[in-house]
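Open the model in your viewer and switch to a cartoon view. The tour goes strand by strand, then on to helices.

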Amino acid sequence: MPQKIKVALLGSPNTGKTSVFNILTKLNQKVGNYPGITVEKKEGTWILNRQFKAKVFDFPGCYSLNANSIDESIVIETLLNKNDPDHPDVAIVVADVENLKRSLLFFTQIKGLKIPAILAINMADRMKKKGIEIDLDRLEKELNTKVVLLSARRNTGFDQLKQVLLNHQQIPNKEIFDISKIDSNYFSNLKKLFPKESIYRLWLLITQEANFTKLKRKRVTDTSDFQTLSTASLKKLQQKETIQRYVLINQVLKKTFTVNPLKASSFGATLDRILLHKVFGYIIFFGILMLIFESIYDFSSIPMDFIDESFSQLSHWIYSHLPSGNLTNLVAEGLIPGIGGVVIFVPQIAILYFFLALLEESGYMSRVIFLMDRGLRKFGLSGKSVIPLVSGTACAIPAVMATRNIENWRERLITILVTPFTTCAARLPVYAILIALVIPDKGSYQSLTLMGLYLVGFGAALFTAWVLHKSFVGDKKSFFVIEMPSYKMPLLKDVLYTVWEKTRTFIVEAGKIILAISIILWVLATNGPGQNFKLAEEMITNQYSSDQTIDLEAHIQAYKLENSYIGLIGRSIEPAIAPLGFDWKIGIALLSSFAAREVFVGTLATIYSVDSEKQETIKIKMTNEKRADGTPLFTLATGLSLMLFYAFALQCMSTVAIVKKETKTWKWPIIQLFSMTFLAYVISLSVFQLMQ
Amino acid sequence: MISLDLLKKKQSAVIDQFKIEKLPLKLIEMGCLPGNEITLLQRAPFKDPIYLKVDQSYLAIRRETAKNIFVRLKS
C-alpha cells in the first residue's frame, strides 16, 4: 500500500488553481459537499511514485485567511482544526506570477499556521512576455520554503512540484511574520493566558468569530473562554496586520522580483477599451447573451429529437421483447419515459454550461459585472448579481450559491429572492414541447417565443427586485470590490471538464427525483379505488356494446385513468385550474412538477403512455388531446397560459431547500414559494381569459 | 490631496490616507494601501463604478467607496 500525503491546494481566485488541480489529479476527482453546507468539496488523487500518493483537496479560492464568505470560512475551519480528516500535511499555495504580491499575503498567513507550505508560482509562461524576473534561490531563503514555477497552460513544472512534495518534510515549518508585533500588549496578554497555544491560530479564531461566524472552539482549543476586543478594534488590528504583512512582502520582493514596466502594458488594455465601452460594451454583452440563447435552441433540437425518438423506440422494444406483465409495464411506461425526460436535457444544459464556463474563464464575466453594477443598483441589486442572474439560466441552485460573492446582505437577499424567475434549463423542455405544439413553425416565431420567455423571466426578476428594493428598509450602503483579472484564452480541457461535471451532477440530482416521481405516478395511474376502476372493462363494454365504430380499448383505458388515484387527484383540482385553461391531466403534471419543473414532460409522457398503447412520441399524443367538447386541448391560449405559469411559479423543491440554507430561515423560501405561485396563477388566468 | 473618485481617466496618483473604518479589509488585502501607486483606468457609464490599477492588482470599486480614499497627485 502506498503511503498517503494529504495536500491542500490553496490560492486566490484567478490564479489558475483549478487548472493546476485538474493536471495534478488527471481529472481523477471526487466532488461533494462539506457537511451541512453547500460549499463544493473537491478532492483527487495524485500518484507521486510507487511508495507515495497524494490526496489533494482543492479548497475554495480565497484571498486571505480573514474570512469574508462561507467559502473562505470553510478553508479556515479546516486548516485550524488538526483533527479534521481533511487537515493537510502540507499546503501548496498557488500564486499568479503577475500578482505575486497579493498571493504572498495569503502565503505568509498559511505559513503562520505552521503547516509546511510550498509556493507554486503559476502562469510562469507569461514571465518573458511581461518582462518578469524572479531570483528563486533568494526567494526560497526569504520565505523559508520551496518555490516552484508552474505553467498549467504549458504543463511545465509539475515534475519539480512532485519532487518538492515528496521531500516536504524538509520544508521549514517556521512562520515568517510575527503577529505579536502589531500590538505587543494584546498579544503578550493572550500568550500569558494560553501559554500552550499558537498565538496566530488564536488570533484567527478571535477575528473569525468577531467578523463571521462562531467556530466550534472546542475543535481548536480546549479552553472555551478568552478575552477579545470590540469588533471595531479587532478590525483595526486586522488592517494593521495586513499592512505590516505587505511591508514584509515588499521587502522580500524588492530583493527577488523585477518587472520591466515597458513590457507590462498590454493587449488587455485595448480589449478593455472596447468591451467596457459605454455603448459597444453593452451591445457586445447583449449580443453574447443572444448568441447563447440562439445556440441553446438551434444546436440542441437535433440531439433532443434523437433522444426523444430513441427512448420511445426503447419502450416499444421492451414491450415487444419482454414478457407482458406489471414489471414490463412499469419499465416501459414509468421508468423509460421518466429517464428520457431527464436525458433530453443534456444537450441544452451542456451548451449553456459551456458558454458560462467560457465567460468565467476568459475573465469577461468581471467586465460584465463592472458594466452592469450601476444599472442594477437601481433595482437593489449589485453588479455581482449578474452572475446569479445569468447562471440562473442554467439552474437556480448554483445561481443562488453564486450570490455568496455579494458583500452586502440586502443586495444578496434580493438577488436570492429574484433569481428563480430567470429561465432555468429545467423550464426549457416544458417550453420546447409547448412551443412546438402551439406556435406555428413559420419564420422564426418559435425562437422568438423562446427569447420572449427569457425576457419575461429577466423582466420579472428585475421588477420584483425593484419592488423589494422599495419596500425593504435597512442598510442600503454597501461595499463592492471586484477583481478584474487579465484576459486569458480559456483552456478547452478545463471548460469541457466543467461542462461534464455540472451536467453529470444535474442529471444525477434531478434524475433521482424524476425517477422516484415517475414510479409513484405510474403506480397511482395504474391503480384506483372502488368499483369504477376495477370494473372499467365491463362497464365500458356494456355501455358501447351496440356501437361497433368506436375504439373500445381506448375508451376503457381512458375510463381507467380517469378513475385511478391520480385521475381522482387531478379531477379534484380541476375546478381551480380550469379557468387557466388546464384539464385534470395538466393538473397532475403541474402538481408533480412542483418537485421539479422538468417532471412536467415526464409526467405527461407517463400519463399518456398509460392512456394508449400506441407508441407515438409525446408531442403527437399531446396534439391529439381533446377537451370534452371535442376541441383541441393545446390551443395557443392554453399553451401560453401554461408557459407563463411555468415562467412565474417556483416549482422546484431544490430551490426552496437551497434558499433556506443560504438565508438560514424558512421565512424567505416560504414567502418566495407562495408569492411566486400566486403571481403565476394570476398571470395565467388573465392571459387565458383574455385570449379565449 | 483629492479623493480618489476625482481622478481623471488615465491619471495616476499615490494613496496618501484613507478612512479606515469605512473601507472593507478586502480592499486593503488587494493592495489598496497608503504609499501605493494607483491609476484610474476607466469609469463605467454614469461614472460609477471605477476601474483601478493599484500596485499589481486590477480592481473595480464603487464611487462611494472611492470617496474614502485620498490620493496625492504625481507631479
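**Stop 1**

Select strand E1 of chain B and strand E6 (residues 69-73) of chain B: 2 bridges join them, and they run antiparallel. Keep in mind that this is a predicted model. Now show B:Ile2. Opposite this residue, in E6(B), stands B:Val71.

**Stop 1: a cis peptide bond**

Stay in chain B and go to the loop between strand E3 (37-43) and strand E4 (50-54), where B:Pro49 is placed. Show the backbone from B:Asp48 to B:Pro49. This peptide bond is cis, with omega near -5 degrees.

**Stop 2: parallel strands in chain A**

Move to chain A and select strand E1 (residues 3-11) with strand E4 (residues 52-58). They pair in the parallel sense over 7 bridges.

Center on A:Val7. Its bridge partner in E4(A) is A:Val56. In E5(A), A:Val7 stands opposite A:Val90.

Next, follow the chain into the loop between E1 and helix H1 (17-25) of chain A, where A:Asn14 lies. Check the backbone there. Phi of A:Asn14 is near 70 degrees, a positive value in a residue other than glycine.

**Stop 3: a bent helix and its partner**

Select helix H13 (residues 280-321) of chain A. At 1.5 Å a residue, the 42 residues of H13(A) should span 62 Å; the end C-alpha atoms are 60 Å apart, which agrees. Where does H13(A) bend? Zoom to A:Ser301: the bend is about 45 degrees, and a proline, A:Pro303, follows within four residues.

The axes of H13(A) and H14(A) come within 9 Å and cross at roughly 170 degrees. Angles over 145 degrees count as roughly antiparallel, so H13(A) and H14(A) are roughly antiparallel to each other.

Show side chains at the contact. From H13(A), pick residues including A:Ile307, A:Phe311 and A:Leu314.

Definitions and conventions. Residues are numbered from 1 along each chain as its sequence is written. Chains are lettered from A and ligands numbered from 1 in the order in which they are written. This is a predicted model: local features need pLDDT of at least 70, side-chain atom pairs count only at pLDDT 80 or more; totals for chains, interfaces and linings use all residues. Side-chain values use heavy atoms; hydrogens and water are left out. Axes are lines fitted to C-alpha atoms, for helices over the stretch in contact, and angles run from 0 to 180 degrees between N-to-C directions. Angles under 35 degrees count as roughly parallel, over 145 as roughly antiparallel, 65 to 115 as roughly perpendicular and the rest as oblique. Contact means heavy atoms within 4.5 Å. The expected span of a helix is 1.5 Å times one less than its number of residues. The bend at a residue is the angle between axes fitted to the seven residues ending there and the seven starting there. Two strands pair if DSSP finds at least two bridges between them.
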